[in-house]
Amino acid sequence: MPVYDQGYRRFEGPMGSGFANWWVITKSEIILRFSRKLLLFLLIIPSFLPMLGMMIAVYVMLQIATSDQLPMGASIIAKQFLDQVSTEFYFLFFKIHASTFLLLWGAFVGSDLISNDRKTNAMELYFTRPIRPVDYLLGKFGTLVFFLLFTTMLPALLLYLFAISVAPEAAEGTESYFEATKHVPGAIVFYSFVQAIVVSTFMLALSSLGRNWILVGAIWGGVYLFSQVGYRIVQELSGSGAAVAISLRDSLLLVGRRIFQLETEVEHWEAAAWMLGILTVSSLLILCRRIRVVETVK
Amino acid sequence: MIISTDQLSVRFGKFEALKGISLKIPGGATGLLGPNGAGKSTLIKTLLGLIKPTTGQAEVLGLNVKTARRQVRRRVGYLPEREAYFADRNAVLTLTVLGELAGMKFSDARSRAHEVLYYVGLGEARYRRVQTYSIGMKQRMKLASALIHDPSLVFLDEPTNGMDPSGRDDMLELIRDVSRNKGIHVVVSSHLLPDVESCCDQVIVMNLGEVLRQGTIEELRGEAGQTYLVRVKGDRSVFASHFTERGRAVTDRDPRTFRIALPPSSSTREIFEAAVACGVQIRFLEPEMRTLEDVFLNALEGADAGL
């Protein structure tokens with residue numbers, strides 16, 4: 001019996017222009033990651049836990065503050081807590097995210113985006129299709145950006161919407177909760193994008209340098225954690241706030257504080273912004289060198 | 001012509017991988033023959049637009065490979081020499097993505113992925129991750145990747161690499177079916193002569209970045225004339241020297257049989273006339289079948305002699 005099926009036929013359907021080839025790559029990467037149960041249970045779902053915890057805290061405190069049956073002390077504490085549900089509160093969400101999930105997302109989703117393709121020679125499959133290197137890069141970039149936005153911007157905005165929906169009406173002569181925090185949604189969106197773009201570009205550059213995703217993930221973890229240690233040491237020794245530029249995490253947070261219009265502990269946010277800019281441009285240059293069609297040549 | 005090149009050169013630094021190749025490949029199945037390092041893969045990658053030619057021109061299906069790279073790739077399929085797959089994806093997902101990247105709608109790509117996987121004999125294994133496939137299955141998977149968008153031409157770079165004999169036969173049968181029954185032009189690059197001989201109509205022999213021979217297999221077999229196996233009764237040495245004096249190659253196949261090579265302009269009449277002249281009887285005369293291997297070795301020897 002022949003191995004082939006005689007029912008094979010020529011394709012006569014429509015062929016598109018391949019305008020959104022990057023989206024085909026992004027979509028397939030996202031579907032692949034949602035199908036990984038371990039990733040779903042250990043990373044995607046836990047990424048929403050801080051939001052849920054903060055929502056529950058707000059709700060419970062609101063119930064305590066408006067309850068007549070609880071002691072006055074509890075009500076005062078609850079009101080004090082609710083007063084803190086301001087810009088700093090939303091920024092706290094990003095701080096939690098930056099301390100844990102950003103590191104994990106980079107290591108477990110970003111590290112294999114290009115390194116696996118290099119390991120399995122998948123680039124030969126990609127680049128023998130009518131796609132450009134920029135489509136490939138955007139496709140991979142879009143994957144990590146999607147997950148970072150999905151776990152930062154989305155829960156932060158949901159948290160904000162929740163707070164608005166449960167916020168008590170403002171007393172006469174005072175501004176409402178919405179008016180007091182109307183800059184927050186814009187800051188959430190803008191900062192989420194800044195964080196996602198910087199981290200994704202850097203992570204892709206790292207991923208393009210290796211063929212082993214575990215090693216790439218470990219390097220990312222090392223850079224992320226040890227740059228914080230380096231920052232603390234240099235800051236202690238020099239006393240300069242500009243040393244923040246050594247740490248990726250702290251630079252992101254400092255720029256974030258500026259975007260959220262919060263007082264910055266260190267006045268050198270410009271140094272942090274420059275560092276993030278230089279890191280992103282350097283990463284793009286690395287990617288331009290590494291992701292070339294000529295890669296397919298032995 | 002499905003492919004034409006004019007003085008096509010590719011240079012990597014000081015190394016000249018292709019040296020001013022001028023080719024015209026008609027439709028059907030064509031074999032690119034040559035030892036490792038001959039420039040076969042470089043030629044294919046140049047024709048796919050993956051490598052920019054240093055000088056010269058090349059057209060694939062009437063499209064210039066320098067200016068219309070994406071259109072070329074839309075109409076051409078490619079089976080890479082090296083193992084290539086998407087990690088952690090099954091065959092259906094892989095082919096769907098490749099189909100979509102070629103411009104197909106998701107639903108079309110998905111249904112065609114199933115169809116093509118059945119065609120190459122991977123129907124039962126289509127939901128397995130590709131990295132768990134055997135070498136032979138991975139080769140079939142690569143063929144499916146080349147066919148998913150229904151190209152007009154496929155480049156197959158060492159399609160039987162690492163396959164066992166039965167898998168190799170199946171793969172060659174598939175290639176024959178693709179080129180003869182599905183209306184898809186095929187260019188097979190290989191250093192395995194029997195593979196090319198069994199599935200190609202025409203052959204291009206390459207070495208060190210140059211084209212040494214081109215033509216149909218029959219033409220190439222006949223190009224260097226015909227060799228005859230001759231057994232005689234009488235003085236063998238006189239008979240042999242009669243031919244060597246006239247510049248014909250005479251070798252002993254065995255102690256009783258000569259192998260005499262005659263040019264294309266000559267015929268068996270020359271042998272009979274020689275027998276009469278030398279006073280020997282011809283007891284056995286048979287044309288020897290020239291294989292592609294003879295053509296290939298002759299071409300390489302000719303190239304070496306020219307160096």
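How many bridges join strand β1 of chain B to β2(B)? There are seven, and the two strands run antiparallel, with β1(B) covering residues 3-12. Before going further, note that this is a predicted model.

Staying with that pair, Thr5(B) has Leu23(B) in β2(B) as its bridge partner. The hairpin of β1(B) and β2(B) leaves two residues between the strands, and Gly13(B) there takes a positive phi near 65°.

Now the rest of the sheet. In general, strands of a sheet pair through backbone hydrogen bonds, either parallel or antiparallel. Here the sheet is open and made of four strands of chain B, in the order β2-β1-β4-β5, with antiparallel pairing. At the edges are β2(B), residues 15-25, and β5(B), residues 63-64, each of which pairs on one side only. What joins β5(B) to β4(B) is two bridges, again in the antiparallel sense, with β4(B) spanning residues 55-60. On that side of the sheet, Val60(B) stands opposite Leu63(B) in β5(B).

Stepping back to the whole chain, chain B is divided into domain 1, residues 3-221, and domain 2, residues 225-289. Their C-alpha centres lie 44 Å apart.

Next, the contact with chain A. Chain B puts in 52 residues and chain A puts in 42. The area buried between the two chains is about 4,600 Å², with carbon and sulfur atoms giving 55% of it. Which residues of chain B lose the most area to chain A? They are Arg70(B), Arg82(B) and Leu101(B), and together they account for 16% of what that side buries.

Glu100(B) and Lys27(A) meet through their side chains in a salt bridge at 2.8 Å, N to O.

Which helices of chain B are involved? At least two residues each come from α2 (69-75), α3 (91-101), α4 (106-119), α5 (135-147) and α6 (165-181) of chain B. The largest share is from α4(B), with seven residues. By residue type, the side of chain B that touches chain A divides into 26 nonpolar, six polar and 20 charged.

That is the end of my part.

Terms used: Residues numbered from 1 in each chain as written. Chains lettered and ligands numbered in written order. Predicted model: local features only at pLDDT ≥ 70, side-chain atom pairs only at ≥ 80, totals over all residues. Heavy atoms only, no water. Domains from an automatic or database assignment. Contact = heavy atoms within 4.5 Å. Buried area = accessible area lost by both parts, 1.4 Å probe. Salt bridge = Lys/Arg side-chain N within 4 Å of Asp/Glu carboxyl O. Nonpolar A, V, L, I, M, F, W, Y, C, P; charged D, E, K, R; others polar. Pairing = 2+ DSSP bridges.
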